[in-house]
Amino acid sequence: MRTTATLDYEILDELLKTTKARSKTSAVREAISDYLRRSKIKEIKALKGKLDFDLTAEEIRDRER
């Protein structure tokens, strides 16, 4: 899907240097993917202590086989 976005030159230049992407599109795609991944990790961490697990890690591994 094509989208038009207005970005500051300084931010985009820093993003290109940081990601070492070959194109602006690749850099923005990588930044968005990373943001979404980190957001999901925060959501999972927020569940710490709120869920009860009856199985050990070993029991879960055995069930996956």
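Predicted model: local features only at pLDDT ≥ 70, side-chain atom pairs only at ≥ 80, totals over all residues.
Biologist: How many salt bridges does a search of the whole structure find, and which residues are linked in a network?

Modeller: Side chains of opposite charge can pair when their charged atoms come close. The search of the whole structure finds 2 salt bridges: in one, the side chains of Asp 34 and Arg 37 meet at 2.9 Å, N to O, and in the other, the side chains of Asp 34 and Arg 38 meet at 2.8 Å, N to O. The residues linked in this network of salt bridges are Asp 34, Arg 37 and Arg 38.

Biologist: How many residues apart in helix α2 are Asp 34 and Arg 38?

Modeller: Asp 34 and Arg 37 both lie in helix α2, which covers residues 24–46, and they are 3 residues apart, about one turn of the helix. For Asp 34 and Arg 38 the separation is likewise about one helical turn, because in helix α2 they are apart by 4 residues.

Biologist: What is the relative accessible area of Arg 38?

Modeller: Asp 34 is partly exposed, with a relative accessible area of 26%, and Arg 37 is also partly exposed, with a value of 44%. Arg 38, by contrast, is placed in the exposed class, for which the cut-off is over 50%, because its relative accessible area is 52%.

Biologist: How much space lies in the largest pocket, and which residues are the closest to its centre?

Modeller: The space in the largest pocket comes to about 470 Å³. Of the 13 residues that line this pocket, the closest to its centre are Thr 3, Ala 5, Lys 24, Thr 25 and Val 28.

Biologist: Which helix supplies the largest share of the lining of the largest pocket?

Modeller: By class, the lining of the largest pocket has 7 nonpolar, 3 polar and 3 charged residues. Helices α1 (9–19) and α2 each supply at least two residues of this lining. The largest share, 5 residues, comes from α2.

Conventions
Residues numbered from 1 in each chain as written. Heavy atoms only, no water. Salt bridge = Lys/Arg side-chain N within 4 Å of Asp/Glu carboxyl O. Buried < 20%, exposed > 50% of the residue type's maximum accessible area, 1.4 Å probe, protein only. 1 Å grid on protein atoms, 1.4 Å probe; cavity = no way out; pocket = protein on both sides within 12 Å on 5 of 7 lines; lining within 4 Å. Points joined across faces, edges and corners; volume = space filled by probe spheres on them. Nonpolar A, V, L, I, M, F, W, Y, C, P; charged D, E, K, R; others polar.
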